[in-house]
Amino acid sequence: MDPIQTTAPMQNDCETESSSIWSWWPSWRPTSMSLLKTTESKILTCIQNDLWARFVTLPNQDRIWTLTVTNKAVRKPVEQAPKTPLVMVHGFGGGVGLWIRNLDTLSRSRPVYAFDLLGFGRSSRPSFPSDAAKAEEQFVDSIEQWRQSVGLENMILLGHSLGGYLATSYAIQYPSRVSHLILVDPWGYPERPQTQTQSQEGQSQETEVVKRRPLPHWVKAIAAVVSLFNPLAVIRAAGPWGPGLVNRFRPDFKRKFEDMFDDDTMTQYIYHCNAQTPSGEVGFRAMSESLGWAKRPMLQRVHLLPPSIPLTMLYGAQSWVDSSSGDRVVQVRSQAHTKVLLINEASHHVYADQPEEFNRVVKNICNSVN
């Protein structure tokens, strides 16, 4: 594997936190950008293909932490057109390290790009507006500026959870740049249902039945504070107990990667990603309502996605995300190429629960492009 390269001097890799109510608690929170970098570097050493890791600077000087993974061992004929790159966008509270089970396999025949969303992971953490539409626009603008800065003409765009919501919004605004849209357990599609109304006699009656798996404890924990605080405030407020809190609420992350790491590497990564100065989560809070519903549901806008863009939606069969939204999208895009696939024995993090099947499906989709 090539050494990890950076476009900025090493001392610039560790961004200092902006002034906030959390900045005077450095000893209270056992985290820093340097610790996040160290933990992520341990994860990235598992990549066997050629890796280029660096910050991509946007016109407004925000920096997006970016991985490019390629397989230089494969020599293609000069006359053969280069394969359309795959761009992977993580979900809420995630980062590029979570794709560690997928990057090598998916990059065997085409370049794969993964980046930390603005306000998450090692990317810059600017302020976000409190208006839902403006917060969404800031995310989407950063993706387009990143594309321009990297120099991609078009891409196969894959987004997980929040990343799927933003990828859809991006494809609606910049359809000529997206060759195929892949949504993995996308957040923010369904409209929040009105489950009960009060009759004049004061008796409650069901007006709509919504099939949705019970929310995991960690989702409920976030939802409990999201209306009052930033979603990840509890991790920062826990101070030295924060890493243990992540282990308690997200033991599944350790299990998903236990054959790769026999310690707390992945839960430490999640902790360090989310114990930093709040930024992207502020944007998410602006865009969401309680229990994870979007203020601006994507089902209300998915018809704006041009029929020329093929769309594939992948859901975990055991996920708490309701896959019936995918069926609704198929109906809305009846004249367009739209598929919904369920991955058996997978929950919300499909790519880590069933990586072999996930990689197979995504490779087939990419091969359908070129």
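This short talk covers the salt bridges in the structure above. Keep in mind that this is a predicted model.

Let's start with the count. How many salt bridges does a search of the whole structure find? The search finds 9. I'll go through some of them.

Take Glu40 and Arg122. Their side chains meet in a salt bridge, at 3.1 Å from N to O. Now look at where they sit. Glu40 is in helix H1, which covers residues 33-44. Arg122 is in the loop between strand E4 and helix H3. The two are 82 residues apart, so this pair links distant parts of the chain. Buried or exposed? Glu40 has a relative accessible area of 1%, and buried means under 20%, so Glu40 is buried. Arg122 is buried too, at 3%.

Stay on helix H1. Lys42 forms a salt bridge with Asp263. Their closest N and O atoms are 2.6 Å apart. Lys42 lies in helix H1, but Asp263 lies in the loop between helix H8 and helix H9, so the bridge ties together parts that are 221 residues apart in sequence.

Next, helix H3. Here Arg147 and Glu144 meet in a salt bridge, at 2.8 Å from N to O. Both lie in this helix, 3 residues apart. That is about one turn of the helix. Arg147 counts as buried, at 5% relative accessibility. Glu144 is buried as well, at 6%.

Key
Residues numbered from 1 in each chain as written. Predicted model: local features only at pLDDT ≥ 70, side-chain atom pairs only at ≥ 80, totals over all residues. Heavy atoms only, no water. Salt bridge = Lys/Arg side-chain N within 4 Å of Asp/Glu carboxyl O. Helix = DSSP H or I, 4+ residues; strand = E, 2+ residues; numbered from the N terminus. Buried < 20%, exposed > 50% of the residue type's maximum accessible area, 1.4 Å probe, protein only.
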